Amino acid sequence: MSAPERVVIGAESTPPITAPFPWYGGKSRAASLIWERLGNPQNFVEPFAGSLAVLLGRPQIGHIETVNDKDAFVCNVFRALKAAPEAVAHWCDFPVNECQQHAVHTWLVGQRETYTARLMGNPDYYDAQVAGRWLYGIGTWIGGGWCAGDGPWQSVDGMLQKTGEGVHRQLPHLGNAGRGAEGLSTWFEVLAARLRRVRVCCGEWTRVLGPSVTHKHGCTGVLLDPPYSTEEGRDPNLYAVDDLAVAHAVRQWCVENGNHPLLRIALCGYGTIHDELCAHGWSKGTWTANGGFGNQRKGTGKNPNKYLETVWFSPACLGARQPRLFD
């Protein structure tokens, strides 16, 4: 893997950067569509951060950028990459090894219960070892369930044993993507430069959508990419829980805030699931995902959902390729 060009903070434009880990439902292919409609707002908020593929694909570096994810391990990765990219690379750089994968998995799951509290209790807290090992594991893991803690295996007295509750035991990724990455230090240093001024929060999505985080800073782009619910036709094994309630709550927030003149909102989903927003002046655009592990479905071997990916845009968003105020 070749390292991207170095990012210069404050530059007029910056080349896109590859996200540091694979992520189910990642929007790297939709980044150009999203930024075409959001433009270059002075403030940007992403409440469901994931791998930050869209932020890292932004053509410019925003004046204020805030990201949030409920998963403490995800937030720790970005804090650690900002502060100690070389240390993260050190702990991430390890050959694909089934024993190492399971050992790392059980070690991480054992810390999950208290990890959010550690991140929330200290704004400067991060753990480069946890970040590097989490990146190594998710890069070699197949499918969902990484660090979910709902499998039958646990580490007991230093040995992996089947106890009925713990982690899943499976083969690591043995394809091209599972061969490790070259130039990790250089890549992570580029990420550190890009994330230097990004504010990383860990908690519920609503915490970063109040006026003090959004339109109080002026024109604000908001990217909402909540976990897709089963009613949208997504794979029921994609996430640890069914996030139907979250998807509905996010859409309701869009209805209530979509007409604010300083909010440019992009809401991601499938098919026609959020088409009721069009009655409130929203527009929509479609894009094609690569399909990921959904391409490996049993039966037909086809993954129709990758053709249903849709983004709904609030009325204040730019028209396609048409400049407007604040751009």
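Over the ring of which residue does the charged end of Arg 133 sit, and how far is it from the ring centre? The charged end of Arg 133 lies over the ring of Trp 107, 4.6 Å from its centre, where a charge sits over a ring if NZ of Lys or CZ of Arg is within 6 Å of the ring centre and within 35 degrees of the ring normal.

This is a predicted model, in which local features need pLDDT of at least 70 and side-chain atom pairs count only at pLDDT 80 or more, while totals for chains, interfaces and linings use all residues. Residues are numbered from 1 along each chain as its sequence is written, and side-chain values use heavy atoms, with hydrogens and water left out.

**Salt bridges**

Side chains of opposite charge can pair when their charged atoms come close. With a salt bridge taken as a side-chain nitrogen of Lys or Arg within 4 Å of a carboxyl oxygen of Asp or Glu, the count comes to seven salt bridges, including those in the table.

| Pair | N to O distance |
|---|---|
| Arg 58 and Glu 65 | 2.9 Å |
| Arg 194 and Glu 65 | 2.9 Å |
| Arg 112 and Asp 71 | 3.7 Å |

Arg 112 lies in helix 6 (residues 112-121) and Asp 71 in the loop between strand 2 and helix 3 (72-83), so this pair ties together parts that are 41 residues apart in sequence; helices (H or I, at least four residues) and strands (E, at least two) are DSSP runs, numbered from the N terminus. Arg 112 is partly exposed, with a relative accessible area of 28%, on a scale where buried means under 20% relative accessible area, exposed over 50%, and partly exposed in between (1.4 Å probe, protein chains only). Salt bridges that share partners join Arg 58, Glu 65 and Arg 194 into one network. Arg 194 is buried, as is Glu 65.

**Aromatic pairs**

A pair of aromatic rings is described by the distance of the centres and the angle of the planes. Rings of Phe, Tyr and Trp (its six-membered ring) pair if their centres lie within 6.5 Å, with planes under 30 degrees apart counted as stacked, over 60 as edge-to-face and the rest as tilted; by this rule there are nine aromatic pairs. Trp 35 and Phe 44 form a tilted pair, 5.0 Å centre to centre with 50° between the planes, and both residues are buried. Phe 48 and Trp 205 form a stacked pair, 5.9 Å centre to centre with 25° between the planes. This pair links distant parts of the chain, 157 residues apart, with Phe 48 in the loop between strand 1 (43-46) and helix 2 (53-56) and Trp 205 in the loop between strand 5 (198-201) and strand 6 (220-224). Phe 48 is buried at 14% relative accessibility, and Trp 205 is buried at 10%. Ring pairs also link Phe 21, Trp 23, Phe 78 and Trp 134 into a cluster.

**Lys 27**

Lys 27, in the segment before helix 1 (31-38), is buried, with a relative accessible area of 4%. The side chain of Lys 27 makes a polar contact with the side chain of Asp 225 at 3.0 Å.

Technical notes
Polar contact = N/O pair within 3.5 Å; in protein donor to acceptor, adjacent residues only side chain to side chain.
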